[in-house]
Amino acid sequence: QVQLVESGGGLVQAGGSLRLSCTASGSIFSINSMGWYRQAPGKQRELVASITVGGNINYADSVKGRFTISRDNAKNTLYLQMNSLKPEDTAVYFCAADKTYRLRIAADYWGQGTQVTVSS
């Protein structure tokens, strides 16, 4: 089993920045991809960014150039640096981890979610 604990959400004005963190514990050796999903009210959960164990990174078109995913292997922590935030970025952000090399919507492990609210 893998446990994921997120932190770093909050309220920010448009144009501001936030950094989300996700610390993994447990059987992390089984994880081959991690990333961030988000879900806004009334919308489907969507992939924001992902990174594989080999370092391959993928971003949603809507966040390219504004968000950066990174990891600190020594701390077992995944980050999402979010800059130039827009009101449409408002959502609950979930950290996810998968045994497969491509992060799936049906990922094996999920964090509890952290709220990000961007005011206009």
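1. Let's start with the second largest pocket. In this predicted model, strand β5 gives the most to the lining of that pocket, with three residues. The elements that give two or more residues there are β5 and β6, the latter covering residues 57–59. The volume of this second largest pocket is about 150 Å³.

2. Ser 33, Leu 47, Ser 50, Thr 52, Asn 56, Ile 57 and Asn 58 are part of the lining, together with Tyr 101, Arg 102 and Leu 103. Sorted by class, the lining of the second largest pocket has four nonpolar residues, five polar ones and one charged.

3. Now for the largest pocket, whose volume is about 310 Å³. Which of its 16 lining residues are the closest to its centre? They are Ile 28, Ile 31, Met 34, Arg 71 and Asn 73. Two or more residues of the lining come from each of β4 (33–39), β5 (46–52), β7 (67–72) and β8 (77–82). As for class, eight of the lining residues of the largest pocket are nonpolar, six are polar and two are charged.

4. Two of those strands, β7 and β8, lead us to a sheet. Four strands make up an open sheet with the order β1-β3-β8-β7 and antiparallel pairing. Which strands stand at the edges? They are β1 (2–7) and β7; each has a single partner strand, so one side of each is left without a neighbour in the sheet. On average, neighbouring strands of this sheet are turned by 20 degrees against each other, direction ignored.

5. β1 and β3 are antiparallel and share six bridges; here you can look for Val 2, which stands opposite Gly 26 in β3. β3 and β8 also run antiparallel, joined by six bridges, and Leu 18 stands opposite Met 82 in β8. Finally, six bridges join the antiparallel strands β7 and β8, with Arg 71 opposite Leu 78 in β8.

6. Is β8 itself mostly buried or exposed? Five of the six residues of β8 are buried, so this strand is largely enclosed by the rest of the structure.

7. Last comes the disulfide. A disulfide is a covalent bond between the sulfur atoms of two cysteines. How many does a search of the whole structure find? The search finds one, and this disulfide joins Cys 22 to Cys 95, with an S to S distance of 2.0 Å. Cys 22 lies in strand β3 (residues 18–26) and Cys 95 lies in strand β9 (residues 91–98), so the pair ties together parts that are 73 residues apart in sequence.

8. Two more details about this bond are worth noting. Both Cys 22 and Cys 95 are buried. Why is the disulfide called left-handed? The torsion about the S-S bond of Cys 22 and Cys 95 is about -75 degrees, so the disulfide is left-handed.

How values were computed: Residues are numbered from 1 along each chain as its sequence is written. This is a predicted model: local features need pLDDT of at least 70, side-chain atom pairs count only at pLDDT 80 or more; totals for chains, interfaces and linings use all residues. Side-chain values use heavy atoms; hydrogens and water are left out. A disulfide is a pair of cysteine sulfur atoms within 2.5 Å. Buried means under 20% relative accessible area, exposed over 50%, partly exposed in between (1.4 Å probe, protein chains only). On a 1 Å grid over the protein atoms alone, a cavity is a set of points where a 1.4 Å probe fits but cannot get out, and a pocket is an open set with protein on both sides within 12 Å along at least five of seven lines; lining residues have an atom within 4 Å of a point. Grid points are joined across faces, edges and corners, and a volume is the space filled by probe spheres set on the points. Ala, Val, Leu, Ile, Met, Phe, Trp, Tyr, Cys and Pro count as nonpolar, Asp, Glu, Lys and Arg as charged, and the others, Gly among them, as polar. Two strands pair if DSSP finds at least two bridges between them. Axes are lines fitted to C-alpha atoms, for helices over the stretch in contact, and angles run from 0 to 180 degrees between N-to-C directions.
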